[in-house]
Amino acid sequence: MKKLFAFVLSVLLVCACTIIVSAAEAKYSTAGDLYQSWGEDIPDYICGMWSTDGSFDNLTFGIQNNAAGNAGKQEILDLVENDASLTFVYQVFSRNYLLQIQEEIYEYFQKDLGLVSTGLDEIN
């Protein structure tokens, strides 16, 4: 009788301790929605962003070809519901790094050396 009671108790405990698993829903419907949420705080693994087809919904993300870039790619895939709105290419330099260099160059504009403007070519 004690073995039967222990068996029934074991089955009840196993049934009571089931784990409920649910997939987390993506936070943004398209790549454009994710981009808008970033504002000026672009992650460091991003090298550039541009429209894939001329719309704001389908974007190409340039990412660094390293562990941080690949982790960032997976993070983006997890955050965006419509994976078809995402395209990825590997690039070398972080967008934030290039913007930092651009800011350092601005002091030379004041020295009248013939420099007129500067900008980032995010696609290349």
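This is a predicted model: local features need pLDDT of at least 70, side-chain atom pairs count only at pLDDT 80 or more; totals for chains, interfaces and linings use all residues.

Trainee: Which elements does the protein chain contain, and in what order do they run from the N terminus?

Mentor: The protein chain holds four helices and three strands. Read from the N terminus, their order is α-α-β-β-α-β-α.

Trainee: How is a pair of aromatic rings described?

Mentor: Two quantities are used, the distance of the ring centres and the angle of the planes. In this model there are five aromatic pairs. One of them, F93 with Y97, is stacked, with centres 5.9 Å apart and 25 degrees between the planes. The class follows from the angle, because planes under 30 degrees apart count as stacked.

Trainee: Are F93 and Y97 buried, partly exposed or exposed?

Mentor: F93 has a relative accessibility of 47% and therefore counts as partly exposed. Y97, with a relative accessible area of 40%, is also partly exposed.

Trainee: Why is the pair of Y106 and F109 called tilted?

Mentor: Its planes stand at 45 degrees, with the ring centres 5.8 Å apart, so the pair is tilted. Y106 and F109 both belong to helix α4, residues 95-109, where they are three residues apart, about one turn of the helix. Y106 is partly exposed at a relative accessible area of 39%.

Trainee: Which residues do ring pairs link into a cluster?

Mentor: The cluster consists of W38, F61 and F88.

Trainee: Let us turn to single residues. Where is Y45 found, and is Y45 buried or exposed?

Mentor: Y45 sits in the loop between α2 (31-38) and β1 (46-51). Its relative accessibility is 10%, so Y45 counts as buried; the cut-off for buried is under 20%. Leaving out residues up to four places away in sequence, Y45 touches W38, G62, I63, Q64, A68, G69, G72, E75 and I76. The C-alpha atoms of Y45 and A68 are 6.1 Å apart, although 23 residues separate them along the chain.

Trainee: Which residues is Q102 in contact with, apart from its neighbours within four places in sequence?

Mentor: Those contacts of Q102 are T118, G119 and L120. Q102 itself is placed in helix α4, and its relative accessibility of 10% means that Q102 counts as buried.

Trainee: Where does V89 lie, and what does V89 touch?

Mentor: V89 is part of strand β3, residues 86-91. Beyond residues up to four places away in sequence, V89 touches W50, T60, F61, G62 and I63. V89 counts as partly exposed at 30% relative accessibility.

Trainee: Finally, which residues line the largest pocket?

Mentor: The lining is made up of C47, Q91, V92, F93, L98, L120, D121, E122 and N124. These residues divide into five nonpolar, two polar and two charged. The space in the largest pocket is about 180 Å³.

Technical notes
Residues are numbered from 1 along each chain as its sequence is written. Side-chain values use heavy atoms; hydrogens and water are left out. Rings of Phe, Tyr and Trp (its six-membered ring) pair if their centres lie within 6.5 Å; planes under 30 degrees apart count as stacked, over 60 as edge-to-face and the rest as tilted. Buried means under 20% relative accessible area, exposed over 50%, partly exposed in between (1.4 Å probe, protein chains only). Helices (H or I, at least four residues) and strands (E, at least two) are DSSP runs, numbered from the N terminus. On a 1 Å grid over the protein atoms alone, a cavity is a set of points where a 1.4 Å probe fits but cannot get out, and a pocket is an open set with protein on both sides within 12 Å along at least five of seven lines; lining residues have an atom within 4 Å of a point. Grid points are joined across faces, edges and corners, and a volume is the space filled by probe spheres set on the points. Ala, Val, Leu, Ile, Met, Phe, Trp, Tyr, Cys and Pro count as nonpolar, Asp, Glu, Lys and Arg as charged, and the others, Gly among them, as polar. Contact means heavy atoms within 4.5 Å.
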